[in-house]
Amino acid sequence: MKALILVGGFGTRLRPLTLSVPKPLVDFANKPMILHQIEALKDVGVTEVVLAINYQPEVMLNFLKDFEAKLGIKITCSQETEPLGTAGPLALARDKLIDGSGEAFFVLNSDVINEYPFAELIKFHKSHGGEATIMVTKVDEPSKYGVVVMEEETGKVDRFVEKPKIFVGNKINAGIYLLNPSVLDRIELRPTSIEKEVFPQIAADQKLFAMVLPGFWMDVGQPRDYITGLRLYLSSLRKRTPSKLAGGSHIVGNVLVHESAVIGEGCLIGPDVAIGPGCVVESGVRLSRCTVMRGARVKKHSCISSSIIGWHSTVGQWARIENMTILGEDVHVCDEIYSNGGVVLPHKEIKSSILKPEIVM
Amino acid sequence: MGSSDERVVAVIMVGGPTKGTRFRPLSLNVPKPLFPLAGQPMVHHPISACRRIPNLAQIYLIGFYEEREFALYVSSISNELRVPVRYLREEKPRGSAGGLYSFRDYILEDNPSHIFLLNCDVCCSFPLAEMLDAHKIYGGMGTVLVIKVSAESAHQFGELVADPITKELLHYTEKPETFVSELINCGVYVFTPAIFAAIQDVFMQRRGKAELRRVTSFEALQSATKSIPADYVRLDQDILSPLAGKKELYTYETLDFWEQIKTPGMSLKCSALYLHQFRYTSTHLLASGNDTKRASITGDVYIHPSAKVHPTAKIGPNVSISANARIGAGARLISCIILDDVEILENAVVIHAIVGWKSSIGKWSRVQGGGDYNAKLGVTILGESVAVEDEVVVINSIVLPNKTLNGSVQEEIIL
């Protein structure tokens with residue numbers, strides 16, 4: 001089986017992290033975002049994943065070389081020379097997705113973290129016999145998104161309504177599709193929107209079905225949602241494979257610690273914390289609701305909450321980092337510094353406190 | 001003037017990518033030394049000035065950037081000037097004098113009688129030939145270019161005291177807390193090859209001598225020992241300061257303009273200074289407003305030959321327009337740098353701004369800065385490929401590359 005992941009653009013909302021790597025390679029819960037999706041696809045029998053990219057192809061291609069061998073799955077790139085929207089890339093990758101077997105293929109948006117219930121999706125798709133299945137998720141404020149209006153029992157999609165002004169439904173497109181090869185006949189090689197042009201056509205032919213995504217769903221394309229997403233992910237991990245989470249008297253709630261990370265004495269870690277490979281957390285440190293990325297060092301007696309510490313950064317002794325502080329790659333916060341929502345670009349040294357949310361270039 | 005034995009080598013320090021984060025967001029797309037001021041890359045201005053030195057044998061650019069970033073520029077400028085220009089990459093930070101010392105074999109290859117050392121991010125008239133003449137008369141090991149500034153601003157620089165008659169450098173101190181002198185170090189020097197012996201002396205003295213020095217906590221944690229590495233030698237503190245008053249170092253004062261180009265805002269100011277200087281040195285580079293078939297020009301303006309400017313646009317003063325830019329009908333540009341491939345649509349207004357490569361400015365939109373070159377948000381900067389939609393107003397803001405602005409913004413940094 002095959003899959004296409006729409007990797008797309010510049011990831012500007014996740015800056016400063018995306019100033020160092022393209023968005024799919026930004027770590028989430030200690031591994032590159034896109035790896036979560038690729039592993040889940042492999043588990044359900046996908047043998048080839050095509051990445052539709054249009055930015056920094058060299059970096060992505062290097063990543064592929066490393067992971068293809070490790071994962072035992074074929075990974076290729078389909079590079080857009082001009083932005084093709086959300087459907088155009090499928091037409092571009094047509095030859096890679098159709099192999100004559102008539103098997104359906106997956107299409108995923110890259111920013112989305114969830115439990116990837118692909119086996120259930122395949123089952124549902126086969127049972128309704130339609131042309132395409134999309135996964136939808138329930139949200140509290142549907143008018144911020146595109147709402148999918150569907151029949152509750154059969155899942156048959158009636159129509160899409162973009163940012164509806166009155167309540168028409170509370171299910172939105174979760175960015176996971178299973179499509180029959182015939183869908184590709186509906187897509188031209190030009191900038192096209194799958195929600196505005198392709199799916200409405202299939203719905204009109206009564207051949208589009210939707211399945212409600214079980215479990216959590218989060219678009220982690222911006223820092224606030226990234227932090228919330230980690231909480232949901234770890235909570236889901238607690239239910240499925242609790243052995244992966246850290247334990248001990250210094251751990252509170254759900255905490256993920258990479259095996260190569262080192263934690264000192266007298267720390268209190270959690271809830272909702274991820275500590276990446278090679279990190280060093282010195283003694284007396286308090287961490288809550290934060291991500292510490294690969295190679296970072298958190299020095300003694302410091303306190304970090306609701307923040308993201310970028311690769312190879314350091315947080316000084318007695319520093320206090322909170323309120324959506326995002327440190328880019330190789331940022332060094334001096335001892336005793338306070339950061340309230342500082343957003344710091346890579347390769348900076350912070351020598352004075354940041355009292356209110358501010359971008360430090 | 002100058003016998004055939006007197007060869008001169010010039011060395012220009014260009015810095016590196018993780019230093020100078022103050023030049024962001026422009027430095028996210030181009031190494032600072034290659035950012036254009038008055039239509040020419042920043043490093044081009046000192047390089048051009050070096051041409052006026054008699055018997056110039058070679059120019060070296062020394063920095064931390066990858067060689068490939070400078071390869072194209074260096075080969076084309078060598079061709080154009082008919083002087084060999086070569087980029088040398090520093091492997092690790094050794095301080096300004098340490099870096100110079102590490103390349104002494106290259107520099108001394110031509111057996112030069114004099115060596116110029118310039119900082120790339122200095123904007124001035126580079127009176128190098130006059131400085132060399134003065135240096136020869138003084139007969140010392142080195143001569144420092146100096147300028148008088150206001151007493152209030154002097155503390156930001158290296159302050160020096162010079163003998164008013166002999167011009168000898170009597171005292172030097174870097175960024176002092178109390179007032180020492182209004183004369184400051186311009187970052188342009190000429191030395192005899194004896195400078196290398198002086199630097200070597202510093203290494204010798206360092207060995208076995210514990211040095212007490214204020215370090216930031218970050219620096220202290222970085223170095224394996226508590227002292228600076230033996231091969232880290234700073235020109236100012238380790239050479240100029242100790243040798244002051246020993247009849248080795250002299251000063252040459254410039255009465256022209258001088259600025260440091262540390263931030264994008266300053267690059268706009270320095271671009272204006274160089275444009276103004278073109279009136280005296282290269283009038284052919286300035287656009288003239290005499291042709292009625294072409295756009296209306298006021299003040300100093302540079303327009304690349306491949307740029308297209310609509311005849312009803314009004315450009316200037318202090319505007320620099322780079323290659324393949326397109327300026328639409330009725331546009332008004334004042335005090336700005338328009339980079340390559342920018343498209344400015346009809347009736348747009350750009351004032352006190354830098355518009356990044358491939359950006360587009362919509363119809364009737366207004367991109368404006370307050371004009372305070374030193375303020376963090378005093379000049380509006382648009383990074384590469386920024387799209388400002390029709391009728392949108394952008395004031396005193398910095399926009400990182402690849403963003404689209406469909407609503408007005410003021411006093412904001414947009415990542």
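Is Lys262 of chain B buried, partly exposed or exposed? In this predicted model, Lys262(B) counts as partly exposed, because its relative accessibility is 26%.

Lys262(B) forms a salt bridge with Asp121(B), and the closest N and O atoms are 2.9 Å apart. Asp121(B) lies in the loop between strand S6 (114-119) and strand S7 (122-124) of chain B, while Lys262(B) lies in the loop between strand S13 (258-260) and helix H9 (264-281), so the pair ties together parts that are 141 residues apart in sequence. Asp121(B) itself is buried, with a relative accessible area of 14%.

A second salt bridge in chain B joins the side chains of Asp238(B) and Arg234(B), at 3.0 Å from N to O. Here Asp238(B) and Arg234(B) are both buried.

Over all chains, the structure holds 27 salt bridges. One of them, in chain A, is formed by Glu131(A) and Arg186(A), with the closest N and O atoms 2.8 Å apart. This pair links distant parts of the chain: Glu131(A) sits in the loop between helix H5 (118-128) and S8, and Arg186(A) in the loop between S11 and helix H6 (194-204), 55 residues apart. Glu131(A) counts as buried, because its relative accessibility is 6%, whereas Arg186(A) is partly exposed at 21%.

That brings me to strand S8 of chain A, residues 132-138. Six of its seven residues are buried, and the strand is mostly covered. S8(A) pairs in the antiparallel sense with strand S11 (residues 171-179) over seven bridges; within this pairing, Met135(A) stands opposite Ile176(A). S8(A) also runs parallel to strand S12 (residues 208-212), joined by five bridges, and there Val136(A) stands opposite Val212(A).

Chain A also contains an open sheet of six strands, in the order S15-S18-S21-S24-S27-S30, with parallel pairing. Strands S15 (262-263) and S30 (349-350) stand at the edges with a single partner strand each, so one side of each is left without a neighbour in the sheet. Within the sheet, S18 (residues 280-281) and S21 (residues 297-298) pair over two bridges, and Val280(A) has Arg297(A) as its bridge partner in S21(A).

Glu66(B), Glu67(B), Glu69(B) and Glu91(B) form a negative surface patch. Of these residues, Glu69(B) is placed in helix H2 (residues 67-81) and counts as partly exposed, at 32% relative accessibility.

Definitions and conventions
Residues are numbered from 1 along each chain as its sequence is written. Chains are lettered from A and ligands numbered from 1 in the order in which they are written. This is a predicted model: local features need pLDDT of at least 70, side-chain atom pairs count only at pLDDT 80 or more; totals for chains, interfaces and linings use all residues. Side-chain values use heavy atoms; hydrogens and water are left out. Two strands pair if DSSP finds at least two bridges between them. Helices (H or I, at least four residues) and strands (E, at least two) are DSSP runs, numbered from the N terminus. Patches are made of residues with over 30% relative accessible area and no salt bridge: like charges are joined within 9 Å, nonpolar side chains (Val, Leu, Ile, Met, Phe, Trp, Tyr) within 5 Å. Accessible areas come from the Shrake-Rupley method with a 1.4 Å probe; for residues, only the protein chains shown count as cover. A salt bridge is a side-chain nitrogen of Lys or Arg within 4 Å of a carboxyl oxygen of Asp or Glu. Lys and Arg count as positive and Asp and Glu as negative; His and the chain ends are not counted. The place of a charge is taken as NZ of Lys, CZ of Arg, CG of Asp or CD of Glu. Buried means under 20% relative accessible area, exposed over 50%, partly exposed in between (1.4 Å probe, protein chains only).
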